[in-house]
2 protein chains.
Amino acid sequence: MRERIATRALAGGARVPSIRAMSEQMGVSKSTVVEAYERLVAEGALAARRGSGFFVAGHGGAALARGLSGMHGTPAPKLDREIDPLWLTRQSLETDSRALRPGCGWLPAAWLPQDAVRRALRAIARDPRAQLTDYATPLGLPALRHQLAWRLGQHGIEAAPEQIVLTDGGSQALDILCRFLLEPGDTVVVDDPCYFNFQALLRVHRVQVVSVPYTPTGPDLAAFERVLKEHRPRLYVTNSAIHNPTGATLAPAIAHRLLKLAEEHDLLIVEDDIFADFETDPAPRLAAFDGLARVVAIGSFSKTMTAAARCGYIAARADWVEPLVDLKLSVSFGNGELAADLVQRLLVDGTYRRYLDGLRAQLADAMGETLRRLASAGLTAWTRPQAGMLLWAQLPDGLDAAQVAREALADGVVLAPGNVFSVARNAAGFLRFNASQCNRPKVYETLQRAMERAATPA
Amino acid sequence: MRERIATRALAGGARVPSIRAMSEQMGVSKSTVVEAYERLVAEGALAARRGSGFFVAGHGGAALARGLSGMHGTPAPKLDREIDPLWLTRQSLETDSRALRPGCGWLPAAWLPQDAVRRALRAIARDPRAQLTDYATPLGLPALRHQLAWRLGQHGIEAAPEQIVLTDGGSQALDILCRFLLEPGDTVVVDDPCYFNFQALLRVHRVQVVSVPYTPTGPDLAAFERVLKEHRPRLYVTNSAIHNPTGATLAPAIAHRLLKLAEEHDLLIVEDDIFADFETDPAPRLAAFDGLARVVAIGSFSKTMTAAARCGYIAARADWVEPLVDLKLSVSFGNGELAADLVQRLLVDGTYRRYLDGLRAQLADAMGETLRRLASAGLTAWTRPQAGMLLWAQLPDGLDAAQVAREALADGVVLAPGNVFSVARNAAGFLRFNASQCNRPKVYETLQRAMERAATPA
């Protein structure tokens, strides 16, 4: 019927056979016909008129039926966009499932706890007390905030459940904090290199972004102090535990001195702990040293559990909670409770803890293997990450990562060129890799070929 | 065990009986003990050490166990906050389930399609092709965007699926549009009265908000033209179909003249169609008249399907889609795909259409009954809404709605006083009611008593 509507063999307004007639004609049950008609109504190919049956939809129906038959294609990766932070976002999210993404910032679906998510969805569906339709309370699901208070406590961050505000992911958490802490024209410090989307997000807030070189043990403190004196920034945004993109870990002494500098210069800090659960050896948290005075901790479960149900959080000093919640409600009317419930159930039933144990071992193997293969390809690791999926590697002298990425994209491989992560744009010779996305020989074959092509000017 | 940890009968660091020992001691299966221990680990009361069993958690564990036993309380409604748009948001979201909310803007859970949501969750959980863990593609789930294109077409709004951007709800849709269309200091027009959260959201964007009186057939055009000339606003934000809070419907001739004024004064319009599916007689859409040139349509399923899985959309002119998507990704890294999948499944299987037929009839009955009972209580309806749940009613002369609301709140009834919806603050004698939340006699008893108390100064 869809075909006949699309080709206009059935014209707009035409009445289609009754459910009974169609059921007899096709030799299927009436309920099958009802379901098929319902689908066509939902797709817009048919219209139902109460008491008088089903009709071919007028305006738009045919176009829609045509559209639906070809709707499963995905747009091809675009080559003509400037290679900037949003380029990497789009390439990572847009590209079709056949493309390889050795530079992207998340785990392959097969590495994520899909069966546990399925089980939790079934548990929600059958729980008579599950809250399936209402708005969330202002701070978000109390049971999950209690869990998070406990988990933060494990990292030495003392936050009562009433200091924790749930959000629809880590990006939204940072966005709300920027709205609270920043005025247009303020200056914000980030690491160089840093998570590429910090730059895109901060640009939306109309602030000045300056950067400080990151070392394998944290930011370069001499450079940090110069930036504080010269630019008087209001806020520093960084990762704790495992740094993105380098995989580096902050040393306790650097954390201490950084916080002293922050106090002297009245700098606030947002510490994004999104990779907390990948950690094997506990790294210091700025929020733990500081006691949530000038540091705010944020995080999410998008990297270790699911990014299809977004759930993140802000842990902040008590007197900031009310204004943060007001902001959250003003711009979103609250976080999605279904996602919070899903995360809460996975945390409580023990599945997640066992899954993480396995994941860390799997990632450690993949990291070793990726480091070895990148070295064979002529790349040099900037540091050996203690844990996690990310690593930062330097191309042989003279090769431009953006050019290598362009060449690889033509072969269906999305690389992550260094300057996308660098505000100072001094990482042209680097690429970010994700060990969990690097197990296919095609990654290294394409990388080699792209490096050769980039080395030979056309 | 939780009790013993909370009272410190089991001290931090103490080893708890092995799974086998506990299983024998309690006469339950080992798997029951494993599950109980896992829960206590997840709650933070126990810690697991690989290979050496379970221990009482140190720091924080006892406090947590205590916290958990008292965690189901909800904070009492706060009386001391200024009665402004965020007051109503907080009162509506925060108050406990025993409170009545005759002024709130959504349906009671029992009126929403909870069984259909359960079925859709089960269907997702068992669908091997369901996307359970990945980030969404930049625009959002293609199948849902096709559905929305069709549904908008039913209202005469021609939008290709590629012109539709999914969001995590209607508020996020408006927030992204404000970021795209407005600069700090710009002026925005709203209706007087208007949806109260428009004011809170616009304040976050640091814009000037001016208002134009709303009539039962749309905005007062003479006043609109004066505002255009005097304030040169950039944007007008309004509801289509069924106006919030009045329940009024835009007349076609007003829509036409409004668009002419918008063109003459280069005004952009965001038309929030969140109540589309309540409509019984099709009202004109500004976006349909205008062809998405200077009008953007937004909407969501939070009012008719579920607010626990937030899913909204923007339908905009083709050349605005790329920058809007860049903004969405910068601040959120994409919408939650699980919510989009849930909405899509409910739309496709016909449940939603049948549910809406029943809901409209139920609302029409409730509206008639509420109008009758409010009239008995001495209130006057501003207009008789053609459909939907909202109505706007005037108190007898001299009564202040904020005062009546304060009195009612003391009795556990959350009213919605008029000035919360009025930028000009000229609706002190009005209240918004929601017919679906007004079926309990206590609503009218409390209202009567609150009116009497408000009429008698203390």
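Biologist: Which strands are the edge strands of the open sheet of four strands in chain B?

Modeller: In this predicted model, the sheet has the order S11-S12-S14-S13 in chain B, with antiparallel pairing. An edge strand of this sheet pairs on one side only. The edge strands are therefore S11 (380–381) and S13 (416–417) of chain B.

Biologist: Which strands are the edge strands of the open sheet of eight strands in chain A?

Modeller: The order in this sheet is S3-S10-S9-S8-S7-S4-S5-S6, and the pairing is mixed. Each edge strand pairs on one side only. They are S3 (164–167) and S6 (218–219) of chain A.

Biologist: What is the bridge partner of Thr215(A) in S6(A)?

Modeller: Strand S5 of chain A, residues 208–215, runs antiparallel to S6(A). Two bridges join S5(A) to S6(A). Within S6(A), Thr215(A) has as its bridge partner Gly218(A).

Biologist: How far apart do the C-alpha centres of domain 1 and domain 3 of chain A lie?

Modeller: The domain assignment of chain A places domain 1 at 2–69 and domain 3 at 114–351. Domain 2 is given as 85–112 + 355–455. Between the C-alpha centres of domain 1 and domain 3 of chain A, the distance is 50 Å.

Terms used. Residues are numbered from 1 along each chain as its sequence is written. Chains are lettered from A and ligands numbered from 1 in the order in which they are written. This is a predicted model: local features need pLDDT of at least 70, side-chain atom pairs count only at pLDDT 80 or more; totals for chains, interfaces and linings use all residues. Side-chain values use heavy atoms; hydrogens and water are left out. Domain bounds come from an automatic or database domain assignment.
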